[in-house]
Amino acid sequence: MISVLPYEAHWNLDAVIRTLYRMCVSRKRLLEWTTASDAERRASGNLASHYELMFAQTVTSLGLVAAIILWAPAAMPAAAPILLLWLIGPSLAWWLSQPVAKRHQELSPRQRQHLRNIARRTWHYFDTFVTERDHWLAPDNFQEDPNGVIATRTSPTNIGMGLIANLTAWDLGYLPTGQVVERIGRTLSVLEQMDHFRGHLYNWYDTRTLQPIEPRYISSVDSGNLAGVLLVLKAGLEDLGDQPILRHEMFDGLADTLRIAIELWQARSPSTESASTATNVRDVTQRLDRLLAECRASTLTLSRAHRLLDHMASAASELAGNLSAAGDQRAQPWVKMFEAQCRDFDGELVRLAPWVTAIHPGPDFNGGTSHESRERVDQILRLIEKLDDGCSVNDMGRRAGEIHRAIEDLVSTKPSEPRNGQVVPGASVTPSAESPGNNSEEWARYAVLFEKAALDCSTLIQSLQLLALRCGNHALMDFRFLFDEDRDLIAIGYNVSDQRMDSSFYDLLASEARVASFVAISQGQLPREHWFALGRMLTTQGGEPTLLSWSGSMFEY
C-alpha cells in the first residue's frame, strides 16, 4: 500500500544489496535469515517499535520534505498528501496490525425462546415418527400437505440424526437418561440386523422391511455423517453417568413444552369455548408457571423435585381435561406431552432415588435407649440429607450403597450386646419388651430402598457403557475402498450392485464429505496428506475470511 511504500523499497533494496555483497564479495553469512516467528514478533509491538522498525521511511519522508522546501517549494501542495501519508505510515501499520476484537453476541431472551421452540418442535418430529412400525429408524421426511404421508425410507444420515437427537433431547431437558438408553439401544439393535457392506450401511433402506433400496450404493457423505454421529454419541453416553440426576435443563425443557401448548391455546378461536373453561385453563397454567418457577430454585432437593413433578403432572392432567372439554385439538396434545415429560422425569427420579417416596423412620432407633445407636442414626440421616441435595448417577450409586450398608449394620447390631466385656451405656443386658428398637423393621425396609437405588444406578451406568461400546463398534467402517491414492481424494460413493467406484471426487474442505475425511484420518485408515489435498478457496464475507464450497449450501458447511 502507498503509506508504507518507502519502507517496502528500503526493505527490498537492503535485501538485494546484502545478497549481492555476501555472494560476490564477502562470501560470509550466506545462511542468515529472519524467521517468520521473529518477524511477526517484531511487527506486533507497540507504536514506538513500529517507528523504530520503519525508521528508514520516516527519515526518507522528512528528507524529502526538507528538500522540497529548499529547492521546490511550489511543489509542496502537490507532494504534501503523499508525504503526510508516509510520515504517518508506521502509525497506520501499527493500527492495522492490532488484533480484531471478536464480537460476542448475546442472544436476547426472546431469541433464545424462539430457538428453543424450534428445538422442541424438532424433537417432536423424532419423538413422533421414530416408532416400532418403522423399526425405530428416523424416516426421511413427513409430507404434511395434503394428506400427511410419512416417507417409509431412511438413509445413514437420517439414522444418525435420529440417534443424536436423543442425546440432544437429553441436553435440552426433553428426555430422561433411561429413555435415552432405551431409544438408542432399540435403534442400534435394528442396525445390527440390517445388511452392511464393509461396515457401511447402504444409502437407502425401506423402514418397514429393512431391505436396501436398489441400486445398493455406499455414499461417502452418508457414511461419514453416521460415523461422526456415532463417535459423538459414544463420548456423550460415556459422560452421562457423571451428570447430575436433577438438572435445571429438565425444567427448561418442561417450560418449552408448556409454552408451545399455551401459545397454541392462545391462538385458538375464543368463540369455541365457554368463559368458565377459559378461566379454568388460565388458572391451571398460572399454577403450572408457579410450580415451574419453584422447580428452578437453586436449593431444590430430590425429594422436593419429586413432589413438584407429581403436582405438575396432576395439574397438566386437569388442564388436558379442560382443553378436551373445549374441543381443543392443537394445544391438548402438547399438554399431554408436558404431563408425560413430568411423569417420565419423576419416574426416573423415583427409580434412581426410591427413598424420596418414603418417610425415614426417624432418629429414635431402639426407643432412644442406646446413645451409640442414636449417634449412628444421626450420621445416616446426615448422609441421606446430603444425598437429597443431588449428585450424579455414579455418585448416587456409590453413596446409596454406603447408606444401605450403614443401615444394615445399624439394624444388625443388638443394643444389649456387651462390647469388649463392657455393657453399652444406657442398654439393658437382659432383653425385655422395651429394649428392642420399636422401628428396626422400618429401618430394614428403608435399607432396601437404598440397596435398590445402588443396583439401579449401577445397571444404568453399565447400560451407558455398553451402548457407548456398541456405538464405537458401529463407527468402524472401511473407508479405504472409497479412496483414490493418486488424487488423495475420497470418491462420491461406491455402487455395490455394479461393483464400481464413482469417477467423481470431493476436492474441497468445505464439502459435505469433510466429516468422512476427518473420521477416516482419525481412525488411521487414510493418510493425513488427504486432509491437505482438500481445496481451501477463500473469499471475504463481512470482513471475515470464508471458505468457499461448490454451491454455498448449509449442507456443505
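Predicted model: local features only at pLDDT ≥ 70, side-chain atom pairs only at ≥ 80, totals over all residues.
- If you want a spot to look at, find Tyr 217, which stands opposite Asn 495 in E10.
- As background, strands of a sheet pair through backbone hydrogen bonds, and they can do so in a parallel or an antiparallel way.

**The sheet with E8, E9 and E12**

- Another open sheet of 3 strands runs in the order E8-E9-E12, again with antiparallel pairing.
- Here the edges are strand E8 (483–484) and strand E12 (505–506), each pairing on one side only.
- Strand E9 (residues 489–491) pairs with E12 over 2 bridges in the antiparallel sense.
- Look for Ala 491, which has Phe 505 of E12 opposite it.

**A hairpin**

- Strand E13 (residues 538–541) and strand E14 (residues 544–547) are antiparallel partners, joined over 4 bridges.
- Thr 539 has Thr 546 in E14 as its bridge partner.
- E13 and E14 make a hairpin with 2 residues between them. In the turn you'll find Gly 542, which has a positive phi of about 65°.

- The axes of helix H7 (residues 109–129) and H14 come within 13 Å and cross at roughly 85°.
- Angles of 65 to 115 degrees count as roughly perpendicular, so H7 is roughly perpendicular to H14.
- On the H7 side, Arg 120, Arg 121 and His 124 meet Trp 334, Met 337 and Gln 341 of H14.
- Sorted by type, the residues of this contact are 2 nonpolar, 2 polar and 2 charged.

**Buried residues in helices**

- Glu 348 sits in helix H14 (residues 331–352). The relative accessible area of Glu 348 is 12%, and under 20% counts as buried, so this residue is buried.
- Leaving aside neighbours within four places in sequence, Glu 348 is in contact with Pro 176, Thr 177, Gly 178 and Gln 179.
- Asn 225 belongs to helix H10. Asn 225 is buried too, with a relative accessible area of 15%.
- Not counting residues up to four places away in sequence, Asn 225 touches Thr 157, Glu 512, Val 515 and Phe 555.

**The nonpolar cores**

- In soluble globular proteins, nonpolar side chains tend to be buried together.
- The largest nonpolar core in this model has 116 residues. Leu 163, Leu 237, Met 312 and Trp 355 have the most contacts inside it.
- Which helix gives the most to this core? That's helix H17 (residues 440–474), with 13 residues.
- Beyond residues up to four places away in sequence, the contacts of Trp 355 include Leu 302, Ile 384, Met 396, Tyr 446 and Phe 450.

Technical notes:
Residues numbered from 1 in each chain as written. Heavy atoms only, no water. Pairing = 2+ DSSP bridges. Buried < 20%, exposed > 50% of the residue type's maximum accessible area, 1.4 Å probe, protein only. Contact = heavy atoms within 4.5 Å. Core = buried A, V, L, I, M, F, W, Y, C linked by side-chain atoms within 4.5 Å. Axes fitted to C-alpha atoms, helices over the stretch in contact; angles between N-to-C directions. Parallel < 35°, antiparallel > 145°, perpendicular 65-115°, else oblique. Nonpolar A, V, L, I, M, F, W, Y, C, P; charged D, E, K, R; others polar.
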